[in-house]
Amino acid sequence: MEPLTEHRGVSGPVVYGFLRLVRVSPARQAALRDALVEYCRLHELALHGVFAERTAEAERSAAFTGLLDVLEIPGIYGVVLPALSHLGPKVTAAPRQARITAAGARLLLVRSPCTPTSRLTTSIPEHAHLPRSSPVPNTDM
């Protein structure tokens, strides 16, 4: 699936990423950054930067302070996170989430939190009811 604007450059909406990288391997850091980039590409968002928090002391995080500073710039659409856990421990995450939304920014999650009902309401593929011996029909025409 190609983006709707494949023939034109996209100038927005402008978003910033935030990663909490405490005791994370370089390979994992790269994978998380790539996940943000891919999410923004698929949703036609302009990722203007990624703030990385590398210390466990979330109370005085320069990265989060920097994120809040850029959210005050007019025209910023939101913040992209791989998961809500990147805002820190639950004690820290709730106030941070409130500060992001108070700044007028949207909080966009690459991986949304699982809820008990979301596991129960997943759709079953059409070919799931077919017996194993019959091949799945090819619909690529």
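Student: Phe18 and Phe64: buried or exposed?
Tutor: Phe18 is buried, and Phe64 is buried too. Keep in mind that this is a predicted model.

Student: How many aromatic pairs are there in the whole structure?
Tutor: A search of the whole structure gives two aromatic pairs. Tyr16 and Phe51 make a tilted one, with 6.0 Å centre to centre and 45 degrees between the planes. Tyr16 sits in strand β1, residues 14-20, and Phe51 in strand β2, residues 46-53. The two are 35 residues apart, so the pair links distant parts of the chain. Both Tyr16 and Phe51 are buried.

Student: And what geometry do Phe18 and Phe64 have?
Tutor: Phe18 and Phe64 are edge-to-face. Phe18 is in strand β1, while Phe64 is in helix α2, residues 62-71. That pair also links distant parts of the chain, at 46 residues apart.

Student: Why is one called tilted and the other edge-to-face?
Tutor: The label comes from the plane angle: over 60 degrees counts as edge-to-face, under 30 as stacked, and the rest as tilted. Tyr16 and Phe51 have 45 degrees.

Student: Which residue lies over the face of Phe64?
Tutor: Arg96 does. It is 4.5 Å from the ring centre.

Student: Staying with α2, how many of its residues are buried?
Tutor: Seven of its 10 residues are buried, and the helix is mostly covered. They are Ala63, Phe64, Gly66, Leu67, Leu68, Val70 and Leu71.

Student: What do they pack against?
Tutor: The buried residues of α2 pack against β1, β2, β3 and α3, which spans 90-102.

Student: Let me zoom out. What pattern does the chain follow?
Tutor: Along the sequence it reads β-α-β-α-β-α-β-α. That comes with four helices and four strands.

Student: How do the strands pair? Start with β1 and β3.
Tutor: β1 and β3 run parallel, over four bridges.

Student: Why is β3 largely enclosed?
Tutor: Five of the six residues of β3, residues 76-81, are buried, so the rest of the structure largely encloses the strand.

Student: What share of the whole chain is buried?
Tutor: 33% of its 141 residues count as buried. The chain exposes about 9,900 Å², and carbon and sulfur atoms supply 56% of that.

Student: Switching to the loops. Which residue in the loop between β1 and α1 has my attention? I have Arg23 selected.
Tutor: Arg23 does lie in that loop, and α1 covers 26-42. Its phi is positive, about 55 degrees, although it is not a glycine. At 80% relative accessibility, Arg23 counts as exposed.

Student: And Glu44, buried or exposed?
Tutor: Glu44 counts as buried because its relative accessibility is 19%, and the cut-off for buried is under 20%. Glu44 is in the loop between α1 and β2. Glu44 too has a positive phi of about 55 degrees without being a glycine.

Student: Where is Glu59?
Tutor: In the loop between β2 and α2. Glu59 is exposed, with a relative accessible area of 66%. Glu59 and Gly88 are 29 residues apart in sequence, and their C-alpha atoms are 9.8 Å apart in space.

Student: Last topic, confidence. What is the average pLDDT?
Tutor: The chain averages 80, and 70% of the residues score at least 70. Over residues 118-141 the pLDDT is below 50. Beyond near neighbours in sequence, that stretch has five contacts in the model.

Student: How should I treat coordinates like those?
Tutor: Where pLDDT is low, predicted coordinates should not be read in detail.

Technical notes. Residues are numbered from 1 along each chain as its sequence is written. This is a predicted model: local features need pLDDT of at least 70, side-chain atom pairs count only at pLDDT 80 or more; totals for chains, interfaces and linings use all residues. Side-chain values use heavy atoms; hydrogens and water are left out. pLDDT is the predictor's confidence in each residue, from 0 to 100. Contact means heavy atoms within 4.5 Å. Rings of Phe, Tyr and Trp (its six-membered ring) pair if their centres lie within 6.5 Å; planes under 30 degrees apart count as stacked, over 60 as edge-to-face and the rest as tilted. Buried means under 20% relative accessible area, exposed over 50%, partly exposed in between (1.4 Å probe, protein chains only). A charge sits over a ring if NZ of Lys or CZ of Arg is within 6 Å of the ring centre and within 35 degrees of the ring normal. Accessible areas come from the Shrake-Rupley method with a 1.4 Å probe; for residues, only the protein chains shown count as cover. Two strands pair if DSSP finds at least two bridges between them.
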